[in-house]
Amino acid sequence: PAFFLSTLLCLLPTVGQTAVAASPDGGGPRASDPGSALLFDGADDRAIIPVAPAAFYHASTWTIEFWMYRQSGDNVVHVVGQRSGCDQNFPFQIAGDPSGGYGVGWTGPTGSCGMTLAQIPNETWAHIAVTCDGNFVRGYVNGEFTSMMYACPNEPVDQPLVVGGSGGCSSRFPGYLDELRLWRIAKDAARIAYEYDSTVNGRPD
């Protein structure tokens, strides 16, 4: 039920330059597994994960989680997203900036909905998790609950999940992403906290 970004590096088709496995300064909470993160240049790097059109459907259950480390910049960037081109009607993305905060959102037949996860400064590792139980969407940062919103309607789109960006939008993520996992269940707070303190072993547990 899960995909792992680092372990699938050799299997993922990429657009632009290939994201490079690296570790920022060998420090931070990911230092126990140096060399595992993917480095995105913020210009033309992105990784593509084929997913079902309804992978992030509002009425289904799912969880997405990953580690992020933004190197620089204060503009809004897209971290991950499922989107057609840079269309304003899209079913899912996580985006943000250091001062305004990072958040999750989408647009659908009843309009836009979204919520802020947290302010995350540059050059700081953070674990991000977002879950949907078919009724509510919940956000977690570093294993702690931060926000919740009603899962307002969205519409499936036959597009892959873009890592390091969102669809064809140009505001791409400059930094490191690691241990991205997608689940077809809505994990509870206890499991999210456990994942925050755990190291991916290359297979779902």
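Is E195 buried or exposed, and what is its relative accessible area? E195 is buried, with a relative accessible area of 1%; buried means under 20%, exposed over 50% and partly exposed in between (1.4 Å probe, protein chains only).

## About the model

This is a predicted model, where local features need pLDDT of at least 70 and side-chain atom pairs count only at pLDDT 80 or more, while totals for chains, interfaces and linings use all residues. Residues are numbered from 1 along each chain as its sequence is written, and side-chain values use heavy atoms, leaving out hydrogens and water.

## E195 and its partners

E195 forms a salt bridge with K187, with 2.7 Å between the closest N and O atoms. A salt bridge here is a side-chain nitrogen of Lys or Arg within 4 Å of a carboxyl oxygen of Asp or Glu. Side chains of opposite charge can pair when their charged atoms come close.

E195 also meets R191 in a salt bridge (3.0 Å, N to O). R191 counts as partly exposed because its relative accessibility is 28%.

K187 counts as buried because its relative accessibility is 6%. The side chains of K187 and E65 are joined by a polar contact of 2.9 Å (a pair of N or O atoms within 3.5 Å; within protein, one must be able to donate a hydrogen and the other to accept it, and residues adjacent in sequence count only if both atoms are side-chain atoms).

A network of salt bridges links E65, E179, R181, K187, R191 and E195. The structure holds 7 salt bridges.
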